[in-house]
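Welcome, and please have your viewer ready. We will go from one selection to the next and look at what is there.

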Amino acid sequence: MNESDKTKGNEEPSGTQQGSEVTRRDFFNEITLAALGIAGVGAAVVTYRYLSPNVLFEPPTSFRVGSPDDYPVNSITFIQNQQVYIVRVPEGFYAVSAVCTHLGCITQWKPDDNLIECPCHGSKFKRDGIKVAGPAPRPLPHFAISLTPDGALLVDTLEILKPNQVLKV
Ligand code: FES
């Protein structure tokens, strides 16, 4: 079969060029498929984000801080990742928040001054959280502290205690 035979079988109107028309059709088909694909991916992303739970992950409110033997008597230890001080006195333990009650800065234990001090606006607290200077409106709160069955100290920041409560060990 020669080239003229192929042309005879062509039923396209005269004056059109079959090769370029097919290419144009293919081009528009591909553009359409690409647009549908992009729209589909966009819809899938939006749907996934809509269906995903919008959860805020916060640190646990109850956490272990080690063994009582880890804390010498008359010591104050800053637990950085929980922003709490573990204070051991001769009578036992208590846990004091390290978050300043003024505007929420993290306080620092200053052993030379025997005070917990806030670097932001100068509030100062005794080791039991009582405010002695600065704009903080309240003392540092005491968190519940207890012993687990296996003998570890457990702090619960959801339970606020009176400052005079001490865990006797
Ligand atoms: S945040 Fe501590 S004194 Fe202002």
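Which residue in β7 is the bridge partner of Glu 117? Select Glu 117 and then Lys 124: Lys 124 is that partner. Before going further, note that this is a predicted model, in which local features need pLDDT of at least 70, side-chain atom pairs count only at pLDDT 80 or more, and totals for chains, interfaces and linings use all residues. Residues are numbered from 1 along each chain as its sequence is written, and side-chain values use heavy atoms, with hydrogens and water left out.

Now show residues 115-117 (strand β6) and 124-125 (strand β7), which pair in the antiparallel sense over two bridges. Strands here are DSSP runs of E with at least two residues, numbered from the N terminus, and two of them pair if DSSP finds at least two bridges between them.

Next, the aromatic rings. Rings of Phe, Tyr and Trp (its six-membered ring) pair if their centres lie within 6.5 Å; planes under 30 degrees apart count as stacked, over 60 as edge-to-face and the rest as tilted. By this rule there are three aromatic pairs. Pick Phe 27 and Phe 28: their ring centres are 5.5 Å apart and their planes at 65°, so this pair is edge-to-face. Then pick Phe 78 and Tyr 85, a tilted pair with 5.3 Å centre to centre and 45° between the planes.

Finally, colour by relative accessible area (buried under 20%, exposed over 50%, partly exposed in between; 1.4 Å probe, protein chains only). Phe 78 is partly exposed at 34%, whereas Tyr 85 is buried at 1%.

How values were computed: Helices (H or I, at least four residues) and strands (E, at least two) are DSSP runs, numbered from the N terminus.
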